Amino acid sequence: MRFNSIRFALVIALLTTECCSLVYAQSYQAEKVSVVAPTIEEAKKSAFAAQQTCLRYVQMNVFEFDECIHERLNVKGLTMAERLGITYMGLVGALSGQRMGSQGSHMMTWEFAKKTQKMQKRLGLKDSDLCSIIPGDCQNRIARTQLTLKQGAPTPLTEAELAGAHRH
Amino acid sequence: MEKINQNIFNLTVAFFAVASLLSGCGGGSDSTTTTAQSTPEIVQTIRLIASNDFHGNIEVPAPTNGGSVVLKDAANPAGTTVNTGGAAFMASLVKKLQSENPNNIFVGAGDLVYASPVTSTLFHQEPAIDVLNQMQLALSSVGNHEFDLGKAELFRLQNGGCFPGGTIGTDTCLNNGAFGGAKFQYLAANVTDSSNKTILPATSIKDFNGVKVGFIGLPLKDTPTAVLPAGVAGLSFLDEATTINTYAAQLRASGANAVVVLIHQGGATTATTINDKTCPNFSGDIVGIAKALSKDVDVVISGHTHQEYICTVNGKLLTSTGFYGSVLTSIDLTVSNKTGVKSVTADNIPVINDTNKTLPAGQVALAKDAAMDSIVQNYVTKAAAVKNLTVGSIAADIKRALLSGSSTSRDETAEGAMGDVMADFMYAGVPKADFAITNPGGVRDDLIFAKANGVVTYGDLLTVAPFGNDLVTVDLTGAQIIRLLEQQWEALNCAAKNGPTTLNGCGRMLQPSAQLTYTWDFSKPQGAADGQGARVVVSSVKIGGAPIDLAKTYRIATVSFLGQGGDNFTVMQKGTNYTATGYKDIDAFVAYMKSNPKLVCPSQRITRLN
């Protein structure tokens, strides 16, 4: 199943995010992690697995990548660290798509920046802890994520933009 | 640009060449060295300029669709986003890079054409080939998209000739009634026909003032899975690494001092700015290929994944530019005729068309190349004329469902004749679908008889279906199809489309092809929560004239937007076998109109109770 496609209206994304965070909040209370290192190691593994499966779908758009990440997030029984790794892979993949103007990458970056930020706060992780999950330019990644959160939700692409109406 | 010495090899020749090497004629490198030792050493720095996945983007692409990049910027930790691309700007950069080193060659790594904007599509990719010729592209591998219309059309793009069935001077052979084809050479080392010969040259050797560089070009071996079967019928696509190693040895034996591979296969990094040479987290199908390459290969220029990167794998430089002509790779390869490659450096350089932006240090906004701009604008102007081409006729108005009292605003809550026609052309344009549907928001205009006495032009169809959507198929069970139909009136679509002048209150009514008929009950509640709607009379639903089988799987043709769950039709996302057919909606629409002259309004497929 594929949920939360960024093609959907903003309202769906917001509803789903809020709904999911309520559910997660209940289950995460019990397993709140105090030791950072094991969490990061577990997140690294799940991020790597998500990369192996999903990163190939970042092409002229990030829609299939987004779906792939969500499919992995919908697997039952994930630990919070595993969920963090997959979510962070979603953020980094979206940022990677943004560097080449891939369609949908701004919206996906915003969505996953929010999700990552919530999990980061809950786990008490620093930006540098997150960076260590996936190799790359940490300084740029942090700055770009912060900029995205500061700018707020991008305007959803219209159907015309999604389908490439500029081509006509 | 110096003349290129084309060496046309086929696999049979390759076999004998390799066999001769193995039978005691000496290895490729040894042979080269032996030859070179008898001559004075010559060292040349050769500039390779590379592009890939241009996809006929002769105009500036939209910034949100490949027409922008993020640059690293010491003054801005988040980097700076700049707009990029467009052939007029790309030509300026190519000229600049060429002017910096006369020992240069411009090469491509496939997918230069097709899946393209309308200005290239309308003229059967001739504009894309023309502008690449003007930029002095010398060599390119074929990509999977070069096979979109099959081998014969690929040969036409290579060798010239007017598009079969086209109108000379109108949609093909636009310049003096002729199309000369590519002045650059397509290479296809791993694509063979039934006689085991490569369908295009496998390799080429270029002599740069005493230093020889060999080039091998090839598409991914999985090309048949990426294109329509008809496009690759009778062709074999061989293993990439095995093919490359065979030809690399052969090139060395022929005196090449360096070997460059142009391959339409790629990878991806987790970089967040372009030209990040740390190549973070590189992965993808090209990695395994690069690791399997022999020492005969020095540089791999890749594509297909629409990613940009500069990496080193297995001691070989491995590059890609992204897509749509936003970036070019500039590689400086210093080569000795005695010892081979001495050094190699590379940069991915953005084709910046953003004159009003404050750029990071070292980055330059390009001016349009005037000659190229003129060529592009000529095609843009001609494209406007093509929109006046007659492609069919109607015997009466064919309209969308319109809001009460309006002659222009569509009513998305209702079935409309124009929407039904669109679904019909999708069904006709996709082999083996059980029926087709389309979203009402994608039906953008009407066909009006009085406008031109029933004559329908290409431009008319573009107005009705302006999005250039891909046609796709998705498999749904009968039960899922019922759920899909219920989503028409469930909460999200009910909230999205409603008003006092709608025919059916609220919702988005999918427009079905003739193969899907059903009845729904207006008296049942609208706006139910997701999954709770119950307005469809299940016993009334017929597919191809037979009652729907809830357990059976049906294949649905639609546009990619809806196929991916757009407009809140999330049931589509639960489908299986999502497949891009390779057809554009407009092409199927044109074909349908041509085969159905004097088209009339189709019969209704949806019945409302109460």
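Predicted model: local features only at pLDDT ≥ 70, side-chain atom pairs only at ≥ 80, totals over all residues.

Student: Which residue stands opposite B:T321 in β15(B)?
Tutor: That is B:E308. Residues are numbered from 1 along each chain as its sequence is written, with chains lettered from A and ligands numbered from 1 in the order in which they are written.

Student: What counts as a strand, and when do two of them pair?
Tutor: Strands (E, at least two residues) and helices (H or I, at least four) are DSSP runs, numbered from the N terminus. Two strands pair if DSSP finds at least two bridges between them.

Student: Which strands pair with β15(B), and in what sense?
Tutor: β14 (residues 308-313) of chain B pairs with β15(B) in the antiparallel sense, over 6 bridges. β13 (residues 299-301) of chain B pairs with β15(B) in the parallel sense, over 3 bridges.

Student: How many residues sit between β14(B) and β15(B)?
Tutor: There are 2, and the two strands form a hairpin. In the turn, B:N314 has a positive phi of about 55 degrees.

Student: Is β15(B) buried or exposed?
Tutor: 6 of the 6 residues of β15(B), residues 316-321, are buried, so the strand is largely enclosed by the rest of the structure. Buried means that 20 or more other C-beta atoms lie within 10 Å of a residue's own; with 12 or fewer it is exposed, and in between partly exposed, with C-beta atoms placed from the backbone. B:K316, B:L318 and B:S320 point one way, while B:L317, B:T319 and B:T321 point the other way.

Student: New topic: what is the strand order in the sheet with β23(B)?
Tutor: The order is β25-β24-β23-β28 in chain B, an open sheet of 4 strands with mixed pairing. β25 (546-547) and β28 (606-609) of chain B stand at the edges with a single partner strand each, so one side of each is left without a neighbour in the sheet.

Student: How do β23(B) and β28(B) pair?
Tutor: β23(B), residues 516-521, runs parallel to β28(B), with 4 bridges between them. Within this pair, B:D521 stands opposite B:L609. Helix α13 (residues 478-486) of chain B packs on the sheet, touching β23 and β24 (536-543) of chain B. The direction of α13(B) makes about 120 degrees with that of β24(B); axes are lines fitted to C-alpha atoms, for helices over the stretch in contact, and angles run from 0 to 180 degrees between N-to-C directions.

Student: And what about the sheet with β26(B)?
Tutor: That open sheet has 5 strands in the order β22-β19-β26-β21-β27 of chain B, with mixed pairing. Its edge strands are β22 (511-512) and β27 (576-584) of chain B. β21 (residues 470-477) and β26 (residues 553-559) of chain B run antiparallel, joined by 7 bridges, and B:L476 stands opposite B:Y554. Helix α16 (residues 585-595) of chain B lies across β21, β26 and β27 of chain B, at about 65 degrees to β27(B).

Student: How many helices and strands does chain A have?
Tutor: Chain A has 8 helices and 0 strands. Buried residues make up 51% of its 168 residues.

Student: Why is α4(A) called largely enclosed?
Tutor: Because 18 of the 19 residues of α4(A) are buried. From first C-alpha to last, α4(A) reaches 27 Å, close to the 27 Å expected at 1.5 Å a residue; the expected span is 1.5 Å times one less than the number of residues.

Student: Last one: how many residues does each chain bring to the contact?
Tutor: Chain A brings 42 and chain B brings 47. Two residues are in contact if their C-beta atoms, placed from the backbone, lie within 7 Å. On the side of chain A that touches chain B, α7(A) gives the most, with 6 residues.
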